[in-house]
Amino acid sequence: MTNKILSIGLLGLNCFLVEVEADISGGLPNFTIVGLGDASVQESKERVRSALKNSGFDFPQSRKTINLAPAEMKKQGALYDFPIAVALLKASNQIDYSDFEKSVFIGELSLSGNLKPITGALSITEFVKSQNYSKIFIPKANFAEASLISGLEIIPLESLKDFVDYTKNPTNYISVKKTEISNEVLSQKPAFSGISGHEFAKRALCVVASGAHSLLLDGPPGCGKTLLARSVSDILPPLSTEEMLLSTKIFSISGLLDPKIPIIRERPFREVNPTASLVSIIGGGVKYPRPGEITLAHNGVLYLDEIPEFPRKSIESLRQPFEDRKIIINRSNFSISFPANFILLASKNPCPCGYLNSEKKRCICSDTQIQNYKKRLSGPILDRFDMYLQLEDQVLHKTIFKEEKQNIPSEPDYRNLINTALERQKFRFKDEGKIRRNSEMTLNQIKKYCKFEEKALNALKNASATLSLSSRAYLKTIKLSQTLSDLSGSEKIGEAQINEALQYRYRGE
């Protein structure tokens, strides 16, 4: 007798329907799983056997065959344990449930029969809803995450026994409170709290947060590069509901979602050091590609500390996601696309020892060492940064212990400036689909939305010839000028915005 149970398979952030078929026939006792399952799927035979026995059910002593269809799709992970066990119970007539055609089953079994949490519950639940199924049975530990998707009956279970109890008397089932998506702004600390001085850098970071521009920080050790980069998290706008769900899906698939906080409510900030491998940065894997740091930073910030120390291959691999805002991972039999729309921040020293042209400490690097160090960042990579900022050591005594007699102006309200610029962009791109920030504009959108004063056009034309700007640098200068114009509240890009944008261009050393 053949019985079919519906389950779900994961491939990147996408899902596909899996039919778990169980056949019990005469012959010597044997348990076979077919359908291109990996090692963890094959090991489910032992977990299912023990879970059935320890839950008080009979394990059929005959020939048992489990087929995971479609057979040409690879199956991975232990999430098929629960549907395999249910299929065997149904095939051996140990349960009576009439709604199998509309129900989906997901979960890993322990040897005692308890259901353990899985990764990717949000993606799975969203897919189940899109396929018009009415119920999904999942581990109770995943309920808070899965319940972010409305319009679907989600049944959380702690064990295999719970499902059998549910089939006997669904009315006794106690519903668990669902997780609500809230756009309430979390408590915020003052912008750039704990950072003294660096007013020009703070201005640059406001531009970064307003237009989602990339920035390269250059300066000696201890001048505050990392502290400034981390402070960007404090001034970024809150996530929209759509962004929350997508970031939550990414972290869930990666197994990084906190079970106590089943939704990502703050923009991700991923800090990567030079010891990170290529796969950990861009994503991938031998058999089943996983999201890398550039995808985990989607809708947020990716910070590369001491970027010249990264392997050249890792740095050059950022070219595609830098421009396309996604990463495509190709394998012999499939291709997966992960989102990678992030703000790139990076830092570097001026030389290997870090003290080139420093007034505090003498540089000990030879000319050859300095030249080789600078060559670690290729021209195409440097050209892709919207902004370049050279920092100097602050005299802390002057910035922290300010004399009362000094007439020091108060710091501007950075958040209000940024929010004003964001509102202008929101109105500008309201009919452009997924385009939300100035840095994402295409050539056609630049022609459509960027308005210039006559002096600004002349300044841009002269700078293009004088500085030998590449086509990419030319367009990035316009996008950056538009963000500066939004910050100033101007209707058109003026000469001042063009000149400030050009100050942020990398000119070589």
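Me: Which residue stands opposite Tyr303 in β15?
Reply: This is a predicted model, in which local features need pLDDT of at least 70, side-chain atom pairs count only at pLDDT 80 or more, and totals for chains, interfaces and linings use all residues. Strands β12 (residues 301–304) and β15 (residues 343–348) pair in the parallel sense over four bridges, where pairing requires that DSSP finds at least two bridges between two strands. In β15, the residue opposite Tyr303 is Leu345.

Me: Which residue in β12 is the bridge partner of Glu271?
Reply: Residues are numbered from 1 along each chain as its sequence is written, and side-chain values use heavy atoms, with hydrogens and water left out. Strand β12 pairs with β11 in the parallel sense over four bridges. In β12, Glu271 has as its bridge partner Tyr303.

Me: By how many degrees are neighbouring strands of the open sheet turned against each other on average?
Reply: The open sheet is formed by five strands in the order β11-β12-β15-β10-β16, with parallel pairing. Its edge strands, each pairing on one side only, are β11 (269–272) and β16 (387–390).

Me: Are the residues on the two faces of β12 buried or exposed?
Reply: In a regular strand, side chains alternate between the two faces of the sheet. In β12, Val301 and Tyr303 lie on one side, and Leu302 and Leu304 on the other. With a 1.4 Å probe and protein chains only, buried means under 20% relative accessible area, exposed over 50%, and partly exposed in between. Both faces of β12 are covered, and these four residues are all buried.

Me: What is the relative accessible area of Asn349?
Reply: Asn349 is found in the loop between β15 and α14 (367–374). This residue counts as buried because its relative accessible area is 10%.

Me: With which residue does the side chain of Asn349 make a polar contact of 3.3 Å?
Reply: A polar contact is a pair of N or O atoms within 3.5 Å; within protein, one must be able to donate a hydrogen and the other to accept it, and residues adjacent in sequence count only if both atoms are side-chain atoms. At 3.3 Å, the side chain of Asn349 is joined to that of Glu306.

Me: How many charged residues are in the lining of the largest cavity?
Reply: The largest cavity has a volume of about 40 Å³, and its lining consists of Leu10, Gly12, Gln76, Ile253, Pro289 and Arg290. By class, three of the lining residues are nonpolar and two polar, and the number of charged residues is one.

Me: Which elements give two or more residues to the lining of the second largest cavity?
Reply: The second largest cavity holds about 30 Å³ of space, and its lining has seven nonpolar, two polar and no charged residues. Among the lining residues are Ile106, Ile118, Ala121, Ile124, Ile136 and Asn142. The elements that contribute two or more residues are α4 (121–130) and β8 (135–139).

Me: What percentage of the residues of the protein count as buried?
Reply: The protein contains 21 helices and 16 strands, taken as DSSP runs of H or I over at least four residues and of E over at least two, numbered from the N terminus. Of its 509 residues, the share that counts as buried is 51%.

Conventions. 1 Å grid on protein atoms, 1.4 Å probe; cavity = no way out; pocket = protein on both sides within 12 Å on 5 of 7 lines; lining within 4 Å. Points joined across faces, edges and corners; volume = space filled by probe spheres on them. Nonpolar A, V, L, I, M, F, W, Y, C, P; charged D, E, K, R; others polar.
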